[in-house]
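Visitor: I am new to this structure and would like a close look at a single part of it. Could you take me slowly through how some of the helices pack, and then through a pocket?

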Amino acid sequence: MKLVIQRVTHASVFADGEMPGKIGPGLVLLLGVEQGDTLEQALQLATKVLKIRLWPDLKDPQKQWSASVVDVGYEILVVSQFTLFATFKKPKPDFHQAMGGDEAKSLYEAFVEHCRAGSGDPSRVATGVFGAMMQVELCNDGPVTVELVAESTADKSAAADIPLSGKGPEQTKTSRQPKAASAQLRGSAVEGSPGEQEEALLMHQPYLGGFEPSYADAELFARCSGVVPDGMPHLSRWCEHIASYTALERLQWQ
């Protein structure tokens, strides 16, 4: 599953002469669903896109890449885009890699609903018409265009099998960096209340263990009871993000 994300000043989508979706400042999300994609991946991608920081800090505009679409209260336009998985063995594109039919639609709808649930206001999330021929009009702000790809179940299993020793191929070391950070925090700062170490770490990534919530995030959140010291904006934002998950979801983090 793949997202092409554009930061925009405004955008709208048209289908069959009508305009099913229109937004002001926010994100246009082109969502492609691939053969073999799962509900878990759809929810994972929706969670990520609500937290990526593509705007300056609200209180200090000099701090770039500090606020998410939820932080700034902007809108989202989701448009289905099966052509993201086109292949070109010949000049004519081949779309067999894209998932089709009702199965793709159900994952698309699950993604949209998860975005609405996490946006703070469901009306901030607009959509096109799944499977329709559409025309999208937008003004890219920046321009800023980024891509997110959902981690596959196979990738997660492979990562779980890699030893934590840090010895071995360079690829192994790279793939384990977020978990290593998580393990280090478990053994030190997580034992007490959050402080400057976590504030500095969260300035560069959304969670303690990396770019997905981990056991370290859940444990520290439980220890500090969701309360962080004043003067730590990144910790405060982290705390709000962790609080947006249910207790059951936090128990499942590794």
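Guide: A helix axis is here a line fitted to C-alpha atoms over the stretch in contact, and angles run from 0 to 180 degrees between N-to-C directions. Please keep in mind that this is a predicted model. With that in hand, helix 1 (residues 39-49) and helix 3 pack with their axes 9 Å apart, at an angle of about 35 degrees, and their crossing is right-handed. On the side of helix 1, the residues that meet helix 3 are Leu39, Ala42, Leu43, Leu45, Ala46, Thr47 and Val49, and their partners in helix 3 are Leu107, Ala110, Phe111, His114 and Cys115. Sorted by class, this contact holds 10 nonpolar residues and two polar ones, with no charged residue.

The volume of the second largest pocket is about 390 Å³. Its lining is made by 21 residues, and those nearest the centre are Ser80, Gln81, Phe82, Ala132 and Met134. The lining of this pocket has 13 nonpolar and eight polar residues, and no charged ones.

For another pairing, turn to helix 8 (residues 215-224) and helix 9 (residues 233-243), whose axes come within 11 Å and cross at roughly 100 degrees, which makes helix 8 roughly perpendicular to helix 9. Here Asp217, Leu220 and Phe221 in helix 8 meet Trp238, Cys239, Ile242 and Ala243 in helix 9, and this contact has six nonpolar residues, one charged residue and no polar ones.

Terms used
Residues are numbered from 1 along each chain as its sequence is written. This is a predicted model: local features need pLDDT of at least 70, side-chain atom pairs count only at pLDDT 80 or more; totals for chains, interfaces and linings use all residues. Side-chain values use heavy atoms; hydrogens and water are left out. Helices (H or I, at least four residues) and strands (E, at least two) are DSSP runs, numbered from the N terminus. Angles under 35 degrees count as roughly parallel, over 145 as roughly antiparallel, 65 to 115 as roughly perpendicular and the rest as oblique. Contact means heavy atoms within 4.5 Å. Ala, Val, Leu, Ile, Met, Phe, Trp, Tyr, Cys and Pro count as nonpolar, Asp, Glu, Lys and Arg as charged, and the others, Gly among them, as polar. On a 1 Å grid over the protein atoms alone, a cavity is a set of points where a 1.4 Å probe fits but cannot get out, and a pocket is an open set with protein on both sides within 12 Å along at least five of seven lines; lining residues have an atom within 4 Å of a point. Grid points are joined across faces, edges and corners, and a volume is the space filled by probe spheres set on the points. A crossing is left-handed if the near helix is turned anticlockwise from the far one by less than a right angle, and right-handed if clockwise.
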